[in-house]
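The entries are kept in the order in which I looked things up.

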Amino acid sequence: HDIMLLPVRWDAPTRSTHALACQVRLAALVGVPTVASPADSLTAVIQDGLNGHTAKTPEEWVAHVSHLIEQPNVRENQSRQALNDSIQAAYVENQL
């Protein structure tokens, strides 16, 4: 099983992180959970521990990725939640 990793520089333009948030949603649609830097647009998509993880330090990156690798049931639950969240977000966006 895959895990999407999105380390983002803190000074990245907001436009760039919005595009990455779309990538998180696309990964979720194919059942891939994400571990990402906590950039604003990514934390709007990732609910830490529910549908993915955000990580600031190298230790957090190692801990989150290791946890997802070593606990396939957690990875599956987060993948399922990410998929549901992405479908819900797409539905809401299409209703506006």
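The notes below go from the model as a whole to single residues.

**Entry 1: the model**

I am working from a predicted model, in which local features need pLDDT of at least 70, side-chain atom pairs count only at pLDDT 80 or more, and totals for chains, interfaces and linings use all residues. Residues are numbered from 1 along each chain as its sequence is written, and side-chain values use heavy atoms, with hydrogens and water left out.

I looked up pLDDT, the predictor's confidence in each residue, from 0 to 100. The chain has a mean of 88, and 88% of its residues reach 70 or more. Confidence is lowest in α1, with a mean of 83, and highest in helix α3 (residues 58-70), at 97.

**Entry 2: the fold**

I took helices (H or I, at least four residues) and strands (E, at least two) as DSSP runs, numbered from the N terminus. I find four helices and three strands, in the order β-α-β-α-β-α-α along the sequence.

For contacts I used heavy atoms within 4.5 Å. Of the contacts between residues at least 6 apart in sequence, 56% join residues at least 24 apart.

I called a residue buried under 20% relative accessible area, exposed over 50%, and partly exposed in between (1.4 Å probe, protein chains only). Buried residues are 38% of the 96 in the chain.

Accessible areas come from the Shrake-Rupley method with a 1.4 Å probe, and for residues only the protein chains shown count as cover. The chain's accessible surface is about 6000 Å², with 55% of that belonging to carbon and sulfur atoms.

**Entry 3: the cores**

Which residues make up the largest nonpolar core? I defined a nonpolar core as a set of buried Ala, Val, Leu, Ile, Met, Phe, Trp, Tyr and Cys residues joined through side-chain atoms within 4.5 Å. The largest has 12 residues: M4, L6, V8, A21, V24, A27, V32, A36, A39, L42, V45 and I46. Both β1 (4-6) and α1 (14-29) supply at least two residues each, and α1 gives the largest share, three. I also noted a second, separate core of five residues, including V35, W61, V65 and L68.

Looking at A21, I set aside neighbours within four places in sequence and found contacts with S41, L42 and V45.

Is H53 buried or exposed? H53 counts as buried because its relative accessibility is 7%. H53 sits in strand β3 (residues 52-54). Not counting residues up to four places away in sequence, H53 touches T34, V35, A36, I46, D48, H64, L68 and Q78.

P33 is in the loop between α1 and β2 (34-36). Its relative accessibility is 0%, so P33 counts as buried. Beyond four places in sequence, P33 is in contact with D2, I3, M4, R75, Q78 and S79. I also checked P33 against R80: they are 47 residues apart in sequence and 8.6 Å apart in space, C-alpha to C-alpha.

**Entry 4: the surface**

I looked for patches, made of residues with over 30% relative accessible area and no salt bridge, with like charges joined within 9 Å and nonpolar side chains (Val, Leu, Ile, Met, Phe, Trp, Tyr) within 5 Å. A salt bridge here is a side-chain nitrogen of Lys or Arg within 4 Å of a carboxyl oxygen of Asp or Glu. L26, L29, V30 and I87 form a nonpolar surface patch, together about 390 Å² of accessible area. I87 lies in helix α4 (residues 72-95) and counts as partly exposed because its relative accessibility is 47%.
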